[in-house]
Amino acid sequence: MQNLYLTLFKTFFKIGAFTLGGGYAMIPIIEEEVVNKHKWATREEMLDLIAVAQSCPGVFAINISTFIGYKLRKKRGALCTTLGTALPSFVIILVIALFFHRFMDVPWVAAMFRGIRPAVVALIAAPTFNLAKSAHIGLYNCWIPIITALLIAALGVNPIYIIVVAGVAGYLYGQFIKPTEQ
């Protein structure tokens, strides 16, 4: 059997290397690897990890990979998954930074990036709908993400304020309106 540390590193290296569009675009790939293929977490745990990773400071993909690594093998597991996720981006950005001035005006490169943009939007939209479904967002509470998106996009409200208010509101709701624990 292959060393789990090596498996963690390789899995998250692959995720980091082959995902365009940032952390949210990684969600379906992370879910496929972590939940479906390796069974390192359940769907419910994954939903909780996504919520915590998004709420913590730092890069979303690094946060979620660190949490998964820590869950499986504590500090060493977290180190393996974090390095696996970050290393491909670091190397790619380093290479681009070294050679960017040589190809930034090349028409086929610009055309390639114009083609990638719509795919990245879809990669971000798909996990958003899946998260909404997993979080049981339906007609009765769909106003929350809609109002949140409008507050951020139209009024420029800082997302940190929204996270804090949502956390407090959720706590109060669970304590006084619909208790979550008996």
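A residue is termed buried when its relative accessible area is under 20%, exposed when that area is over 50%, and partly exposed in between. The legends below apply these terms to a predicted model.

**Figure 1. Salt bridge between K14 and E33 in the predicted model.** The side chains of K14 and E33 form a salt bridge with an N to O distance of 2.9 Å. The pair connects distant parts of the chain, as K14 lies in helix α1 (residues 4-17) and E33 in helix α2 (residues 23-37), 19 residues apart. K14 has a relative accessible area of 34% and is partly exposed, whereas E33 is buried at 8%.

**Figure 2. Salt bridge between E31 and R43.** The side chains of E31 and R43 meet with an N to O distance of 2.4 Å. E31 counts as buried because its relative accessible area of 19% falls under the 20% limit. R43, at 43% relative accessibility, is partly exposed.

**Figure 3. Salt bridge between K71 and E45.** An N to O distance of 3.5 Å defines the contact between the side chains of K71 and E45. K71 is located in helix α4 (residues 60-103) and E45 in helix α3, 26 residues apart, and the pair links distant parts of the chain. K71 is partly exposed, with a relative accessible area of 39%. E45 is likewise partly exposed, since its relative accessible area is 32%, a value between the limits of 20% and 50%.

**Figure 4. Network of K14, E33 and K37.** Salt bridges with shared partners join K14, E33 and K37 into one network. A search of the whole structure finds four salt bridges. Side chains of opposite charge can pair when their charged atoms come close.

**Figure 5. Cysteines C80 and C142.** C80 is buried, with a relative accessible area of 17%. C142 is partly exposed, with a relative accessible area of 26%. The count of disulfides in the model is zero; the criterion applied is a pair of cysteine sulfur atoms within 2.5 Å.

How values were computed
Residues are numbered from 1 along each chain as its sequence is written. This is a predicted model: local features need pLDDT of at least 70, side-chain atom pairs count only at pLDDT 80 or more; totals for chains, interfaces and linings use all residues. Side-chain values use heavy atoms; hydrogens and water are left out. Helices (H or I, at least four residues) and strands (E, at least two) are DSSP runs, numbered from the N terminus. Buried means under 20% relative accessible area, exposed over 50%, partly exposed in between (1.4 Å probe, protein chains only).
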